[in-house]
Amino acid sequence: MSPFDTIIDRRGSGCSKWSRFEPDVLPMWVADMDFAVADPILHALRERLAHPVLGYGVSQAGLKARIVGWLEAQYGWRVTPDDILMLPGVVPGFNMALRTVCAPGAGVVVQTPVYPPMLKAPENGALRRIDAPLTATDEVDRDVFGAALRQAGQGAFLLCNPHNPTGRAFGREELAEMAQACLSAGVSIVSDEIHCDLLFDGRRHIPIATLAPEVAARTITLMSAGKTWNIAGLNACWAVVTDAGLRARFAATLSGVADHVNILGLIATEAALAEGGAWRDAALAYLQANRDWLAGAVAERLPGVAMRLPEATYLAWLDCRGSAAAADPHRFFLEKARVGMNSGTDFGPPGAGFVRLNFGCPRAMLEDGIGRMARALAGA
Ligand SMILES: Cc1ncc(COP(=O)(O)O)c(C=O)c1O
């Protein structure tokens, strides 16, 4: 038995995932995993808590050195500790990054269906949202993307790579085309790469800023240990901004709003990068096996439901348009199967008829969820 098979009762732990629905609902929604955190991270946190004072934290030299080392080892990305800013989260990070790079009232291009806070970020900053939907096979539509950029003015492209909810890990060519189109249109790039360390089938993540120095000069990249090591509740992430001028402007936007990071988040991030490699590899293998099992189960047991194999992340984007749940799959599976997923409609117009299922859980829990969904469809 794998340690990831252990079912941990999270009710009563103050977590969002298990608090949203009624007690008989199996929650398979928000993007955190039902796995225990890696021992080296727990150890580092316990050690820190042995000290009884929890005043403001500040990132230590060791943490930025770890991040620099991780970026080089994982993606061949060479940056310096000065290029890195610590932030309390990727969502505050991209909200503030858009306000940094966009002229007032400019456009922000998003690739729908996409992570809901990305749909809201333009409006939060009094900016215009411009949707550039992915194709039916989750690829970038060059013409649609180019047309969207042309409407952005001195705006931004808010990239999600790997892409939530489709699970696409964009390849070098696709990224290069997008980056080139942004440069030609005079549009900056804000790149949310939070799922960057969860790529399947031996794929390697490519940070868009690594494509060329002129791309890096216009890019704010956001990354975090939150998803990979399941420590999202500790609210720590980092931005890589290699252009000194852009970095100073970003730091000024963050100042007084999002420039303090939870001290335990800093400790956990450093421990994850320093000692969490083996846990990450094991978790990734488990998730990949869950993904493959899920794809088979969807095909065999959920008539009319389709999914493409995610290339990254533990989120499956289920196309229910051909099923008995088509009209409102989120409600159907919540009410009839007692499985709580994310409604596709929250991810923008192309999400109608879809749900997002989180398979970052013990296999038995995943089997339970699919069993419930299969019975609900059979009874419909
Ligand atoms: C694409 C993406 N960005 C950001 C976040 C959340 O980031 P944070 O908790 O660091 O704000 C998530 C969480 O699901 C996500 O999927």
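The largest pocket is lined by 43 residues, and those nearest its centre are A31, D32, K227, A232 and G233. The elements that contribute two or more residues to this lining are α3, α4 (116-124) and α9 (263-275), and α3 gives the most, with three residues. By class, the lining consists of 23 nonpolar, twelve polar and eight charged residues. The space in the largest pocket amounts to about 1000 Å³.

The structure is a predicted model, in which local features need pLDDT of at least 70 and side-chain atom pairs count only at pLDDT 80 or more, while totals for chains, interfaces and linings use all residues. Residues are numbered from 1 along each chain as its sequence is written, and side-chain values use heavy atoms, with hydrogens and water left out.

A pocket here is an open set of points on a 1 Å grid over the protein atoms alone, where a 1.4 Å probe fits and protein lies on both sides within 12 Å along at least five of seven lines; lining residues have an atom within 4 Å of a point. Helices (H or I, at least four residues) and strands (E, at least two) are DSSP runs, numbered from the N terminus.

**The ligand**

The ligand sits in the largest pocket (more than half of its atoms lie within 2 Å of the grid points). Around the ligand are A31, G89, V90, V91, P92, Y115, C160, N164, D192, I194, H195 and K227, each with a heavy atom within 4 Å of it. This shell divides into seven nonpolar, three polar and two charged residues. Helix α3 (residues 90-101) gives the most to the shell, with three residues.

| Residue | Part of the residue | Distance |
|---|---|---|
| V90 | backbone N or O atom | 2.8 Å |
| H195 | side-chain N or O atom | 2.8 Å |
| K227 | side-chain N or O atom | 2.9 Å |

Of the 400 Å² of accessible area that the ligand has on its own, the protein covers 89% (areas come from the Shrake-Rupley method with a 1.4 Å probe).

**The backbone**

Most peptide bonds are trans, and most residues other than glycine have a negative phi. A cis peptide bond joins T112 and P113, with omega about -5°; P113 is placed in the loop between β3 (107-110) and α4. The bond from N164 to P165 is also cis, with omega near 20°, and P165 belongs to the loop between β5 (156-160) and α6 (172-185). A126, although not a glycine, has a positive phi of about 55°. A126 is found in the loop between α4 and β4 (128-131).

Notes:
Polar contact = N/O pair within 3.5 Å; in protein donor to acceptor, adjacent residues only side chain to side chain. Nonpolar A, V, L, I, M, F, W, Y, C, P; charged D, E, K, R; others polar. Points joined across faces, edges and corners; volume = space filled by probe spheres on them.
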